[in-house]
Amino acid sequence: MSFMLRPGLHFRQFENIILFFDLPRDRYFMLSGGRAQCFARFAAGEAAAQDIEALQSEGLISLADRQPSCQYRQVPPPTRSLADGPLPQATVRATIAILAAQISAKRDLRRHDLAYVLAGLQPECPDAASAEADNCTDLAAASMCAARYLPATDECLARGIAMKRLLLARGCPSILVFGVTMPFAAHCWVQVGDTVLTDPLDIILHYRPIFAI
């Protein structure tokens, strides 16, 4: 009998702490101490029967009776950011498009579950590495400009969804990344290949990806 991580659950290990992102329930939580060690043994394929029983009782794992979800995407380590410039002057048209997309994303996040909103961001299965980030400088510039008109603090999710939707409309493959760090903080951003579009690189490098789409 084999077991798998519960569908929709994603994790990242930090020394003796394991952080989880529960997409269906739109929440983060952590394990530490013996519970973290128990899960670490499971993740390493070394779980004993009592580990399996404990993890099942906490609802972290389930029987591997089907193929796991393919929502998670591998994230190329970011090496640069368009937000660090230089960027062209933002056009009025692109800035309005960014603002409208951010307002729409905030509305959708109020009305729908996060998993439902993110499901609408999945393209046919393109390869993000095939896109050219330098073709997105107008949207990156507009995103920086839009921050003057809409508060950017604690709005990284709406900003990221908006950017990904606009890139998707262009047929440009991109990755919306959810990252975490310790002491606990979470952030999300958009990459095209190894290039960040929505944030300065020095901010992104503080986080480690836990989920991406």
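The questions below concern aromatic rings in a predicted model. Residues are numbered from 1 along each chain as its sequence is written, and side-chain values use heavy atoms, with hydrogens and water left out. Because the model is predicted, local features need pLDDT of at least 70 and side-chain atom pairs count only at pLDDT 80 or more, while totals for chains, interfaces and linings use all residues.

Q: Why is the pair of phenylalanine 11 and phenylalanine 39 called edge-to-face?
A: Rings of Phe, Tyr and Trp (its six-membered ring) pair if their centres lie within 6.5 Å, and planes under 30 degrees apart count as stacked, over 60 as edge-to-face and the rest as tilted. Here the centres are 4.9 Å apart and the planes stand at 80 degrees, so the pair is edge-to-face. Phenylalanine 11 belongs to strand β2 and phenylalanine 39 to helix α1, 28 residues apart.

Q: What makes phenylalanine 39 buried or exposed?
A: Buried means under 20% relative accessible area, exposed over 50%, and partly exposed in between (1.4 Å probe, protein chains only). Phenylalanine 39 has a relative accessible area of 1%, so this residue is buried, whereas phenylalanine 11, with 32%, is partly exposed.

Methods:
Helix = DSSP H or I, 4+ residues; strand = E, 2+ residues; numbered from the N terminus.
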